[in-house]
4 protein chains.
Amino acid sequence: MRKLLKGLHKFQSSYFPANQEIFEQLAEGQKPRVLFITCSDSRIVPHLITQSGVGELFVIRNAGNLVPPFGAANGGEGAAIEYAIHALGIEQVIICGHSNCGAMKGLLKLEKLRTEMPLVYEWLQHAESTRRLIQENYADTKGEELLAITMAENVVTQIENLKTYPVIRSKLHQNKMAIYGWIYDIETGEVLAYNPETDDFEVPQTLLANSSSDNNGHFVHTDAPPIPSAYQKTAPQTPTNNPGDLPSWMPREQADRIYRGSAR
Amino acid sequence: MRKLLKGLHKFQSSYFPANQEIFEQLAEGQKPRVLFITCSDSRIVPHLITQSGVGELFVIRNAGNLVPPFGAANGGEGAAIEYAIHALGIEQVIICGHSNCGAMKGLLKLEKLRTEMPLVYEWLQHAESTRRLIQENYADTKGEELLAITMAENVVTQIENLKTYPVIRSKLHQNKMAIYGWIYDIETGEVLAYNPETDDFEVPQTLLANSSSDNNGHFVHTDAPPIPSAYQKTAPQTPTNNPGDLPSWMPREQADRIYRGSAR
Amino acid sequence: MRKLLKGLHKFQSSYFPANQEIFEQLAEGQKPRVLFITCSDSRIVPHLITQSGVGELFVIRNAGNLVPPFGAANGGEGAAIEYAIHALGIEQVIICGHSNCGAMKGLLKLEKLRTEMPLVYEWLQHAESTRRLIQENYADTKGEELLAITMAENVVTQIENLKTYPVIRSKLHQNKMAIYGWIYDIETGEVLAYNPETDDFEVPQTLLANSSSDNNGHFVHTDAPPIPSAYQKTAPQTPTNNPGDLPSWMPREQADRIYRGSAR
Amino acid sequence: MRKLLKGLHKFQSSYFPANQEIFEQLAEGQKPRVLFITCSDSRIVPHLITQSGVGELFVIRNAGNLVPPFGAANGGEGAAIEYAIHALGIEQVIICGHSNCGAMKGLLKLEKLRTEMPLVYEWLQHAESTRRLIQENYADTKGEELLAITMAENVVTQIENLKTYPVIRSKLHQNKMAIYGWIYDIETGEVLAYNPETDDFEVPQTLLANSSSDNNGHFVHTDAPPIPSAYQKTAPQTPTNNPGDLPSWMPREQADRIYRGSAR
């Protein structure tokens with residue numbers, strides 16, 4: 001706590017004064033463009049990964065980045081989704097899973113949780129579609145590989161769940177809603193995005209297109225505090241992912257099983 | 001989305017390589033010290049406010065930073081709390097409300113939400129203790145002041161709700177659990193902490209104690225990636241809050257009504 | 001039933017006529033001062049224990065004297081609490097547990113109830129905070145001692161739950177609400193009250209103060225029918241509890257574990 | 001509270017020592033013969049009305065003496081019923097309504113409660129069968145009379161609800177379960193019992209049969225502490241209800257409407 005308070009003081013004495021105008025402007029209201037749904041895991045920092053500024057991401061975080069189907073739960077997820085879409089007019093949603101996810105590990109040994117962590121057990125029922133898919137289709141897969149596949153498939157499950165919400169359904173009907181599924185690898189920093197046409201997770205296309213032109217460090221956030229601007233001092237390095245490459249965290253065979261295995 | 005992908009690329013090409021070791025280490029598991037519960041509002045960036053590094057905060061975010069009483073909801077809140085306390089052994093919880101909160105605005109005109117945003121309406125039932133307290137005790141208060149009071153009282157309500165969780169109750173019994181209530185002012189960057197003994201929100205004591213010695217900018221995060229290290233380039237400035245001062249965002253009279261009014 | 005009808009006749013032919021005025025007065029409305037929440041157990045007679053008259057106690061009784069957290073159940077508890085506090089203006093609540101409690105016994109072997117008494121099983125989920133605290137902190141305790149500790153800790157759990165109710169929270173805010181936790185020993189007739197400052201159960205202070213002066217048997221209820229007046233015919237005896245003494249139903253060591261063990 | 005503590009002291013110093021043996025015996029377990037379900041109203045003291053001793057009545061008390069149909073609620077009622085019937089082997093249930101009932105008043109102006117006492121509002125849904133019956137069949141009845149009828153009909157509603165419980169249904173099948181509906185008049189002390197054959201509330205037959213022989217004041221509880229024995233000092237008086245008489249609290253016409261009106 002002492003450390004957080006030190007950090008708080010530092011924020012107030014350096015970052016805040018340097019960006020005071022932006023904060024004052026934001027005090028009147030928020031206009032985020034993206035609803036970012038991800039895991040509570042401490043290793044996921046959405047603003048860091050996306051180099052987003054204050055005011056840019058409306059964030060829902062829970063264990064396992066789950067979105068219970070409409071009507072299935074009365075927790076905060078539905079309300080935050082409804083508020084984001086209806087009250088704020090957000091038209092882009094990202095559901096972001098991640099490697100080494102504790103919730104997904106729990107899903108793979110669900111019965112053990114029943115007495116020890118009953119609330120987690122109940123909550124993971126909202127990932128039952130994932131669990132059953134894995135159980136019925138990946139009987140021979142194990143360990144790290146199984147966990148990676150489960151995590152990836154779960155993002156797809158939650159995309160489907162998200163589509164059951166009235167506010168989402170209506171916007172989809174108007175072609176005013178885009179839902180993205182991301183998987184983030186903690187160890188490598190890589191992100192793959194779900195491609196519904198191929199039912200694959202792939203290196204985001206825009207990322208590919210921009211990978212060469214963005215290393216100059218001149219990218220500037222114009223409408224939000226430049227949280228990440230400082231990172232430019234770190235010397236630009238060769239991207240760890242060659243465009244088109246597989247993610248480093250899984251061998252090609254495994255990747256094939258994951259991304260092509262669940263083609264519908 | 002294009003912007004996020006650019007940010008993602010930047011993260012991967014500069015920040016990540018510079019902190020690769022830390023990410024590799026974290027890939028094996030997380031050991032956060034703090035459960036940080038706050039609003040989905042895009043203007044709240046927990047890691048920025050607390051200058052925390054990757055791996056330090058286990059985060060729950062929903063509309064209004066609510067914690068339904070144990071058993072009252074089957075959303076992600078209970079599961080994430082249970083996982084944080086039981087599986088990760090976290091012993092410190094921060095519930096952080098904020099100024100200009102849309103959920104609290106909704107709470108003050110609840111009936112209007114019933115048909116337009118039914119999920120938000122239902123969700124706000126978990127802040128009914130806040131709503132009733134306000135209705136019965138602040139009949140003459142209005143506008144910004146009423147909203148500020150509502151937000152502050154709601155943090156206290158959610159602290160009470162949090163205490164009903166089995167994993168919390170057990171740890172409290174062992175003297176191994178600390179629950180903090182924070183209110184964050186977007187416009188000024190200030191944070192006040194709840195003091196249960198006085199039933200007041202106050203400038204955190206540690207912050208007061210350290211306010212003079214910490215301006216040197218040499219504070220270094222030792223056990224987590226230095227997300228905020230770059231902020232040091234901003235020249236250290238005089239803290240905006242003179243220790244002991246009232247928060248700038250409310251006149252003394254108002255502050256008195258808020259923070260002394262609810263003394264038990 | 002025959003016996004009850006005989007009793008009914010007796011009530012009507014002797015007690016009622018002797019107190020007719022009071023009943024006629026009460027027929028217009030009730031003004032109880034205390035909400036008394038206790039177990040359905042047949043051995044608990046609130047009016048006998050407290051020597052209260054008709055019209056003095058608003059009573060909620062269920063198995064295990066549980067108070068589900070606000071929103072966690074839709075049974076009669078919340079409605080009765082709301083009515084007592086809001087409609088009747090009651091400002092004092094007593095939650096009274098007792099020795100040899102069947103519900104607490106059930107809580108200690110919960111799984112066995114799942115199929116045999118599913119409603120009891122479900123109901124006891126509202127004492128899950130108690131169960132988990134006991135499981136995690138009293139692994140070496142057994143038998144009678146464990147049951148006594150469980151019962152006492154459960155009273156504290158239910159006090160926490162009670163605080164989540166809107167009507168309670170609002171009154172607490174106004175300093176117009178007192179919540180007392182009692183544990184009653186069937187075998188000895190003794191009552192201990194929870195002291196939140198020490199996190200102990202203690203002989204009620206007022207009881208200590210009055211123990212010597214009240215043996216004269218002249219105490220008279222002034223504002224309610226003298227149900228217990230007749231008990232005066234029983235010759236006053238030495239109190240079974242010497243002021244300050246431990247309750248007779250547990251050895252000092254055990255008491256220490258119970259009442260000091262849970263200090264926060 | 002001071003008064004209760006005085007009462008407590010008195011109980012401990014006089015009543016308890018005089019009945020110590022009985023309490024010690026009861027400490028080992030309870031064997032109540034009757035499940036008594038009544039209102040939380042402070043003017044109802046089941047043990048006084050029935051002159052029952054400690055250990056004789058297993059008691060459920062909530063606002064309006066409601067029994068939600070099986071599966072309709074997850075409050076304490078179902079669990080206490082299940083425990084009483086299955087664990088304790090109780091074979092007699094009394095549901096006791098009473099005159100001037102606040103819950104029944106609320107039922108007659110239900111909409112007004114929706115915002116002011118939402119929990120009471122929700123709870124009274126379990127008396128909706130009563131409300132509708134009254135609305136559709138007693139349009140011309142008003143005031144006190146309407147309230148009395150509502151209360152009486154509600155007891156019948158709750159008897160029906162009680163029959164939906166698995167443990168009750170099974171015992172009824174075995175002819176090992178008797179359910180009694182009582183209505184108690186606070187002003188007169190009279191009790192009428194529901195007769196399903198006539199669909200009337202009547203003076204209990206046993207009471208009639210025993211009314212002459214019981215005035216001698218020699219009735220003694222043999223298997224429980226003689227709580228009411230002391231009342232014998234009140235000179236026996238002529239019973240207020242001549243056997244066969246109507247209850248004094250309603251004129252014959254009204255009684256006819258109540259007790260014959262709902263004949264099915």
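**Burial, helices and copies**

Modeller: Let us start with Ile149(A), which counts as buried because 25 C-beta neighbours lie inside 10 Å; a residue is buried if 20 or more other C-beta atoms lie within 10 Å of its own, exposed if 12 or fewer, and partly exposed in between, with the C-beta atoms placed from the backbone. This is a predicted model, in which local features need pLDDT of at least 70 and side-chain atom pairs count only at pLDDT 80 or more, while totals for chains, interfaces and linings use all residues. Residues are numbered from 1 along each chain as its sequence is written, and chains are lettered from A and ligands numbered from 1 in the order in which they are written.

Biologist: In which helix does Ile149(A) lie?

Modeller: Helices (H or I, at least four residues) and strands (E, at least two) are DSSP runs, numbered from the N terminus, and Ile149(A) belongs to helix H9 of chain A, residues 143-162. From Ile149(A) to Lys163(A) there are 14 residues in sequence and 22 Å in space, taken C-alpha to C-alpha.

Biologist: How many helices and strands does chain A have, and what percentage of its residues is buried?

Modeller: Chain A has twelve helices and six strands, and 52% of its 264 residues are buried. For contacts, the criterion is that the C-beta atoms of two residues, placed from the backbone, lie within 7 Å; among contacts in chain A between residues at least 6 apart in sequence, 69% join residues at least 24 apart.

Biologist: Which residues lie on each side of strand S2 of chain C?

Modeller: In a regular strand the side chains alternate between the two faces of the sheet. Here Leu57(C), Val59(C) and Arg61(C) lie on one side and Phe58(C), Ile60(C) and Asn62(C) on the other, and all are buried, so that both faces of S2(C) are covered. Two strands pair if DSSP finds at least two bridges between them; six bridges join S1(C), residues 34-39, to S2(C), and the two run parallel. Within this pairing, Thr38(C) stands opposite Arg61(C).

Biologist: What rotation superposes chain B on chain C?

Modeller: Copies are superposed by least squares on the C-alpha atoms of residues with pLDDT of at least 70 in both. A rotation of 180 degrees, with 0.1 Å of shift along its axis, superposes chain B on chain C at an RMSD of 0.0 Å, which is the relation of a two-fold axis. Of the residues of chain B, Ala72(B) comes closest to the rotation axis, its C-alpha lying at 1.8 Å. The contact takes 29 residues from chain B and 29 residues from chain C.

Biologist: How many residues does the contact take from chain D and from chain C?

Modeller: That contact takes 91 residues from chain D and 92 residues from chain C, and H1(D) gives the most to the chain D side, with 16 residues. The residues on that side divide into 44 nonpolar, 32 polar and 15 charged; Ala, Val, Leu, Ile, Met, Phe, Trp, Tyr, Cys and Pro count as nonpolar, Asp, Glu, Lys and Arg as charged, and the others, Gly among them, as polar. As 100% of the interface residues of chain D are also interface residues in chain C, the copies meet through the same surface.
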